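Hi,

Here is the structure I promised to pass on.

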Amino acid sequence: MAYRQSPSLPVLCTTGTHYDVGYNTGVTFSNNIRQYVNSSKRICEKIKPYYDTQEGREWYDIFLKATEGSYPQYCRELRGISEGSGVPFEILFLLNISPETRIHLERDATPTVEADGCSDIFLNGPNLKLLVHNEDCDPLVKQYGYMLNTKIDDVEGKERFLAFCYPGILPGPAFAVNGDGLVITIDGLYPKHVTLGAPPRYFMNRSLMRMTDIDSAEKLARNSGHGMAFGFCANMSSIRNTEESWVLEIAPGHPNAGTQIHTIGEGTELDPNYYFRCNSYKHSTVEEEPYLSSTHRMIRAQELPAPKCLHDILNILGDTHHGLYPIFRTPRETDRGETVLTVSMNILNKTMNLYQGNPKYQPYPFLSLPLELYKDII
């Protein structure tokens, strides 16, 4: 009988400068990063070959210049990951501009297989405040992803956060909590056009680890003078300001990115405020790529009863009713994404609970972590 591996998720605790933290991450997870880079069809069959062309090299150089101008500290962090893991910086930078590159390469074709993406549910009542997230991404992340618990002290200032990381990609594109008590989950959004001359999405995702409240998050997202090349949505709650939660949609633009905040107020105990979203703009007018998985997940969520508790939420996020584009995703001919983790952020209890496998069938999380981080210690 084949052995079935139990759920596991390595966590690295580390401190230092941006470069130090990157280097320690690279050393610790060098095998994960190497295996991911060497196994990913997207990297090996599309992104690397494109980089070897003159057009691809020019594309790379444009993004590197924009990123070094806007986020030099995160370029140092990525160089640390490169030198620690032994994976060339060029490969890791290509990995960190892969959302923009994928759209660029598919600009003249209709995508035949769905892209990565996530689903989120807020439930906001006086005695229950939840942000629950399906992490939908490359199936390889299930095997090679990791958590980073870090405290950074560098010339640009201090940072403190706990984040789930894709191998070789900067912290920020998945889910995290920072030392100011801000909880964040990310949904990829897919505008039709990439803004050349602006820094890439993953670097802006990384920058949001510095936010202190919703206003500072929007300021970081506008990134005045530089903007952003692509799009995403940041879903946010605070363990210190618990009455409201927020959705921050970000659209590509230069010199400023476009931003739109939607506030999720508190409902009643019997009728908590319910909000579902996935990978389409809901509060901004942006021309988008067609994304059937996101459309069908949204339709299916509207068909199901509004949740009143965590159990109800996990039933929605674990739904597999649609044969081609279910809410809980597993790889298939029409959809290359996989729900590699589900994370429940309980704002009042200040806990992060993680589930591997379909959450509707998991009576307990396999890992529970605190949302309250001490700024001065790991």
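Asn134 has Thr342 of strand 12 as its bridge partner. Strand 3 (residues 129-137) and strand 12 (residues 338-346) pair in the antiparallel sense, over eight bridges; strands here are DSSP E runs of at least two residues, helices are H or I runs of at least four, and both are numbered from the N terminus. Two strands count as paired if DSSP finds at least two bridges between them.

Before you read on: this is a predicted model, where local features need pLDDT of at least 70, side-chain atom pairs count only at pLDDT 80 or more, and totals for chains, interfaces and linings use all residues. Residues are numbered from 1 along each chain as its sequence is written, and side-chain values use heavy atoms, leaving out hydrogens and water.

Six strands make up an open, antiparallel sheet in the order 11-2-3-12-13-14. At its edges sit strand 11 (273-277) and strand 14 (367-370), each pairing on one side only.

Now for helix 7 (residues 98-105). Seven of its eight residues are buried, that is, under 20% relative accessible area with a 1.4 Å probe, counting protein chains only. Among them are Arg102, Ile103 and His104. The cover over the buried residues includes helix 3 (41-51), helix 4 (54-70), helix 6 (89-96) and helix 9, with contact meaning heavy atoms within 4.5 Å.

Last, helix 10 (residues 214-222): its buried residues include Ile214, Glu218 and Leu220. Just after helix 10, Asn223 takes a positive phi of about 50 degrees.

Cheers

Methods. Buried means under 20% relative accessible area, exposed over 50%, partly exposed in between (1.4 Å probe, protein chains only).
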